[in-house]
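Please look over the sequence and the model shown below before reading on.

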Amino acid sequence: MADLTPVSSWTPADVQHFARRAGFGLSPEEASLLQLQAPGTAIDAWIDGSGAAYDPAAFNAALGTADVVAEPLVAANTSTAGSVDVPAVPAPHAFLVEGPDAWRNSLNTAQALCLWRMQFNPYAFQERMALFWHNLFATGFHKVNNAALMLKQIQLFRSLGLGRFDDLLVAVSKDPAMGIWLDSVLNNASGSNIPNENYAREVLELYSLGADNGYNQTDITQLARALSGWSFTFAEADYIANPANPTQKTAADGRFKVYDGSAITPDTRLWSGTARTASYSMHGTGTISLFGQTLDITTTANGWAKGENALRSILSARGVNCAQFLAKRLLLHFVTPAYSAQDLSDVAAMIQAANFDLRAVMKTLLKSRYFFDPANQYALIEGPISWLVRGARALCPSLAVGGAQAPKAFPAWRLLTNNATTLDQAGMKLLDPSGPNGWKEHAAWLNSNTMRYRTKLAAALALGEARSYNGTSYPLFPAAVTTGWFPTAPTSAQGVLDRLLALLQPGPIPASVSAAWLSALWPTAFTWDATSQTKARELAFLILCSPSGQLY
Amino acid sequence: MTTRREFIQTLGATGAALAGLSACGGGGKGSGGGGTSGQPPTPLPAAPILVVVNIDGGYDWLNVMPPNAGANLSVYQAKRATLGITDPALLTDLGSGAALNKDLTGLDQLHGLGRVAWIPGIGMPNPNLSHFTSIDLWGQGAAVPAGTGWLGRFADAAFNPAGDVLRGLTVTSDLPVMLKGSTRSFVSITGAGGYVFPAYLLSGSAVPDAATLEAGWGAALNAPSPDAATQAAAQAGKLFFDAQNNTAFGAGGSLTARTPSVPYPGDAAYPVTRLNGAALSSSLSGQFKLIAQMIAAGLPAQVYFSRLGGWDTHSNQAVDHPNLQRTLGGSIKAFYDDLASITTPSGNAQDRVMILAYSEFGRRVQENNGGTDHGTAGLSFCVGKAVKGGLYGAYPDLSNLDANGNMKFTTDFRSLYATVLDRWLGQVTAATDGLLGTSYPRLGFL
């Protein structure tokens, strides 16, 4: 059984296990400091993002600089409806790697912003949960074709990712990017129309219950009726013309709307981009039968949107199945792929007992003896994005350090994502999963191709690779070996290895392997000179590429 | 659960022969199938190559091969009032009440040559209409999920675990379950150039990083570690190292840098355009080009895997579907034509290659507003000079749908696998049956 009682004490190694899974790692110094607190207190603060350690002031200030490019830095043009202004970029501007229209629907810029946030947000758990939900409610840019709406969805995960699961499910169902992604905006069940069942199917199969777990085809069709007409409008101010393609319009924001025949105010637009002057009806009316219950989808209830009661009935009518579904996803992402049926049942029961309050669920799970069980440490293979971000956090200057490198690596992320191939081929095209089932986790992260590209990313991270843009060379991952990695000069090759292992935290490495590395790199007497510092980078590369380096 | 008895009854009701399903097609003499009067098939090659094309997303094959006569036509017209393909100008008659949509560009010509075996109504018992469940089952090729794929198990049996690293390849960046074996997996290669470590690691570095790294991986792989995660990581990395060390690659890990250079002519002049007249380029033609390069380079691969996504047409099908078909058909035709110009030590590439196309399911017969929702039975097809062209298995009866309005399958998808394993990949009958868990009737196109 999964012992879900909380641990009462923890070691620095336990702290690092927690920080790897619930964030993007901590340095050994930070871990030792955190270990001084009782685990319950420390984990509560970590999950809540409360307390001095999680002060977002410096982070938000950096986000607000023009260097980073605020999201989305656009404003309505007052004279031409539907056009937007993008501010001119003041010169000199050493770190901006794109022109003034950078934000106009650029997936790569949006990816860079997400990565930058993951690297520097002091509230790391928020980003980790956003990544988790992005995988679970996987929505892809290649169909949404709108970077602003994709970022809006990620922000939804940041703000509601620790609320109640039914509230999150409802919010995602009203999210514009999701509406486009799974055809909700085209789901017309008024009159004799046949509803488009794409979203309803995936709600049950991928987002709440799992395949063959408590529903049938009739439930799908009925839920599709309940959610018909769910779409969004947007204001003139959020209307963005793509400068690269004038016929292509996007919206920076969207407001949920049930198209049920009610009048639409003239200052709003339908997603189709066509101004509406007449009422529009796509929502089905009457009653549906879902999970054997009869539900009225014509009226609103409890202040809910029309049909919303059907979505909420998933938890009330199929709570056991939903808790089981969530438990599987949480265990695979946060604990271990090797959970037993009893473990699953225990965690599912805990989720139900917590009434699907995700904050309470995560606190219980991540404080538990089960989570800290040594058998579960390094039991997972890490995904390429969090693996990369963790490496960047370990090896690169923090937001508070290195004024000359302000704004600290946004250009690096932008240059990296500009060469989109590397991240995509490493197996996780951020903001653009190929399908609504997201990315498979654990062992599925690794194949010969993804490992090939991890070696490329590891080289960029450890070996000081730079890339040129407009005649200027930028270090992809600015890192100072002597001051950043080794504030105390190592006195032996073993000392270099020990420090890098403490920073990068790979899983256990066979002694014969690390001995072979050291004898290849330092066959003769050790001196901490420029040559050794270059070799320290190569050793970091070897650790990052090793099998142990993929575990966390 | 469709029973064996029901399965046979379905076949009987549609007039198909029971024995091996082979009598209804093949070589233009098919009684129940369309048959073609094209050139006779060539003998099976000594060194066959299988190129799998995954039509990803569940394609609406009912609009690719719509009924054009008989009782099925009226059902089709009623349920496909706006999306149905009924204009004879858009269709090539295949006989047996079925026609081929000319948007599947070039396949009508290959059919005319007798080079295409069509298997309409291919599917599985108890489909749950989930893409992901169905993809898993098609990949595994076994009724009970086993975690390995039918081609992965073939690799386990046929490939040498200590070598043969390039004998199975996918040109997709992932590793589909279909290719997963328990001892020997497939390599993923997405480009012909630079299949190596970052170049500067190999240029002028006094430290033999690559060798050091690889030795570390090998040591980790061989360590008596009970840790499954480490083992999985080590296997993935080792496969990459083994592949990039293979002498099949030239300098800098590049096929194109080999001396003499890879003689792939490539980019056959084949006009394929979108509905709006724009030129069509696709990831699939790029994948085929890479496969052709690898064949031309003499890579020892026996199985290649490729994929074209985008077929989940719940909406906007009237525009998206023709473009997808043009991409699929046009790319296959160009690839097939290009293969003729590649000479390998084991013979001309066009003689050696068979293309197998499949999708996880078809779409529902009744259209929704502008699209089609998830269905059941699909259409697989095989293209090659050794193929006996025609229709195999029964076209589904559109007036006999299941409770959800979906077609009932007429040929188990594992019959296709059994046929390919036996008669193309050279497995003996017992081995094939072992790989698939039981014996399935063979189809007569090989």
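Which residue of E7(A) is the bridge partner of A:Thr233? In this model, which is a predicted one, the partner of A:Thr233 within E7(A) is A:Leu270.

## The sheet of three strands

That bridge belongs to the pairing of strand E3 (residues 230-235) of chain A with E7(A), which runs in the antiparallel sense over 3 bridges. The two strands are part of an open sheet of 3 strands in chain A, where the order is E6-E3-E7 and the pairing is antiparallel.

Strand E6 (255-258) and strand E7 (268-270) of chain A each have a single partner strand and stand at the edges, so one side of each is left without a neighbour in the sheet. From one strand to the next, the twist averages 45 degrees.

## A pair of helices

Elsewhere in the chain, helix H5 (residues 107-120) and helix H8 (residues 147-160), both of chain A, have axes that come within 9 Å of each other and cross at roughly 20 degrees. Because angles under 35 degrees count as roughly parallel, H5(A) is described as roughly parallel to H8(A), and the crossing in which H5(A) passes H8(A) is right-handed.

On the side of H5(A), the contact is made by A:Leu107, A:Ala110, A:Leu113, A:Cys114 and A:Arg117, while H8(A) contributes A:Ala147, A:Leu151, A:Gln155 and A:Arg158. Sorted by class, the residues in this contact of H5(A) with H8(A) comprise 6 nonpolar, 1 polar and 2 charged.

Methods
Residues numbered from 1 in each chain as written. Chains lettered and ligands numbered in written order. Predicted model: local features only at pLDDT ≥ 70, side-chain atom pairs only at ≥ 80, totals over all residues. Heavy atoms only, no water. Axes fitted to C-alpha atoms, helices over the stretch in contact; angles between N-to-C directions. Helix = DSSP H or I, 4+ residues; strand = E, 2+ residues; numbered from the N terminus. Parallel < 35°, antiparallel > 145°, perpendicular 65-115°, else oblique. Left-handed = near helix turned anticlockwise from the far one by under 90°. Contact = heavy atoms within 4.5 Å. Nonpolar A, V, L, I, M, F, W, Y, C, P; charged D, E, K, R; others polar. Pairing = 2+ DSSP bridges.
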